[in-house]
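I opened this entry to keep track of what I looked up in one model.

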Amino acid sequence: MTKKAAQPNGSVEAPPWSISGSTLPPLHEPSFRLEEGWIATWAYGMSGKAKLLRYDLTKLIRYGAYASATSRGTIFTMDANMIKEVTMWYIVGGIITVAVSFLQDMEEMDIKGIDELSKYLNQCVPFVLALYISLAIQRWWALRTEALAPLFNATSNVLMQLSALFPAQEFAEVKDKTMRYCMASIMLMIKACRTADSHIKCDDMVQRNYLTPGEGMLLDGTPAKQIPMVLWCWILRMCTELIKDFVNRGGDWLPYEEFQRECCEARNGVQAIHTYLTTQLPFAYVHLITFIVNTNNIVVCVKCALKFSKAFAQGNAIGMVSEGVFLFIVPLLYQGLLVVTYIIHDPFGEDMLDFPVLAYQDYVASTCKSMMDAGSNCPAASHLFPESPLTSVNITQPSGIPNGVGPSADRRITNIETGSAAWSCYLSFSSLPRCHVCRPSTRISCASYVA
């Protein structure tokens, strides 16, 4: 995926991409474009809708909330109902002020009771609302770190291990196919989260060559929520068959458990997303919080209207301004916090504050490509282990480096079928997990190879 400059007609397609040595058709990745604003950076995905990628905290603090109030992504621009809500309270307050002024002499009216009730509610509401906001933010953050992050981490880790353990060109197609499955699982997971249908079509994944037509037809019959899990099952199956093939060709040991763990973590991440989205906070609890906030806003409106009328009758201009400002701030504050909770409730949609998943995926795809290039071209491994059957490089000696330093020119070793001694030495050199539990004969051969 490539980043393009802002265009008025939406995102621009990225050029086809393929792995060197792979026979799979070129991959047509969805592209996104970035738009730099005064205080925030916006990412435009396949839908063409802007999503907040990051904001400038320094500008926000330095220039304040009033200067950035009209920027995209604030409560004033995210939900038009906020302005309607404040306007409604002013209209209701005005009606109460006019009605009371005709019915009673405001200078003699006792409003101590409504004032005390308003103070009591304003002491209670911040406490209960803060707890609710905290729960909502925790769920939002958990969706990013406990659900989406494991999926991205597993994608990068699986490709890194495949690239390090199987750097030869003959395995390029396996790595290419694994990357396509990983990327397809992310996009199909987002697609499943955005629809209430029990099944989704994978035509777009087939058109972009993430999947073959046969794979797309097979997945079309799978429930939408399970499609990403099926793809990770396929990834684990490919890794299993690859390891079995290596063992049958004379290899001794491979860290299969690492692939198994990463694939299971990815599946758990997909499951966590569906768990969070289908298990809401108790309805009675959220209804009670909303009821308390609405009741407080009504009491504040009545109190401000009565005190405004009394201040008007007494000719107290400061009192009238204070009540007008109070009626604007308090309902706006409490209602705004409630608005934020429902905006971040499901961050996998197409709203402005939802996760810019395509931008995250672009970073993961770049990481995977870098890992595959690094696995096939490791100067240190080529220099230290020139006869290793795992070394597969094609590096030209850079100008200015004396002979004997770094890898020799244009060396390419791709024979993966030699003995276990070099393989064991590679495992020790790479410090891969659990290499110390190799069979005794393997450890002896590894030591003799290093000697």
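My notes follow, by topic.

I am working from a predicted model.

**Nonpolar cores**

I began with the largest nonpolar core and found 60 residues in it. I listed the members with the most contacts inside this core: Leu 148, Met 183, Leu 211, Leu 231, Trp 232 and Phe 348. I then looked up which elements give two or more residues to this core, and got α4 (112-165), α5 (172-193), α8 (227-248), α9 (256-278) and α12 (357-376). The largest share comes from α5, with twelve residues.

I picked Leu 231 to see what it touches beyond its neighbours within four places in sequence. Its contacts are Tyr 181, Ala 184, Ser 185, Leu 188, Leu 211 and Leu 219. Leu 211 is therefore on two of my lists, as a contact of Leu 231 and among the residues with the most contacts in the core, where contact is taken as heavy atoms within 4.5 Å.

I also noted another core of 15 residues, which lies apart from the largest one. Its members include Tyr 132, Ile 289, Tyr 334 and Leu 338.

**Nonpolar patch on the surface**

I turned to the surface and found a nonpolar patch formed by Phe 76, Ile 83, Tyr 90, Val 321, Val 325, Phe 328, Ile 329, Leu 333 and Leu 337. Together these residues have about 760 Å² of accessible area. Helices α3 (81-103) and α11 (317-343) each supply at least two residues of the patch. The most comes from α11, which gives six.

I checked Ile 329, which sits in helix α11. Is Ile 329 buried, partly exposed or exposed? Its relative accessibility is 46%, so I logged Ile 329 as partly exposed; the exposed class starts over 50%.

**A backbone angle**

I noted Asn 209, which has a positive phi of about 70 degrees although it is not a glycine. Most residues other than glycine have a negative phi. Asn 209 is in the loop between α6 (203-207) and α7 (213-220).

**Salt bridges**

I counted 13 salt bridges in the structure. I wrote up three of them, plus one network.

The first entry is Asp 115 with Lys 307, at 3.9 Å from N to O. This pair links distant parts of the chain, 192 residues apart, with Asp 115 in helix α4 and Lys 307 in helix α10 (residues 283-314). Asp 115 is buried, at 18% relative accessible area, whereas Lys 307 is partly exposed at 26%. The cut-off for buried is under 20%. I also found both residues in a network of salt bridges that links Asp 115, Lys 303, Lys 307 and Glu 323.

The next entry is Arg 180 with Asp 176, where the closest N and O atoms are 2.8 Å apart. Both residues are in helix α5, and because they are four residues apart, about one helical turn separates them. Arg 180 and Asp 176 are both buried.

The last entry is Lys 191 with Asp 204, at 3.4 Å from N to O. I logged Lys 191 as partly exposed, at 28% relative accessibility, and Asp 204 as partly exposed, at 26%.

Conventions:
Residues numbered from 1 in each chain as written. Predicted model: local features only at pLDDT ≥ 70, side-chain atom pairs only at ≥ 80, totals over all residues. Heavy atoms only, no water. Core = buried A, V, L, I, M, F, W, Y, C linked by side-chain atoms within 4.5 Å. Buried < 20%, exposed > 50% of the residue type's maximum accessible area, 1.4 Å probe, protein only. Patch = residues over 30% accessible without salt bridge, like charges linked within 9 Å, V, L, I, M, F, W, Y side chains within 5 Å. Areas by Shrake-Rupley, 256 points an atom, 1.4 Å probe, with all protein chains shown as cover. Salt bridge = Lys/Arg side-chain N within 4 Å of Asp/Glu carboxyl O.
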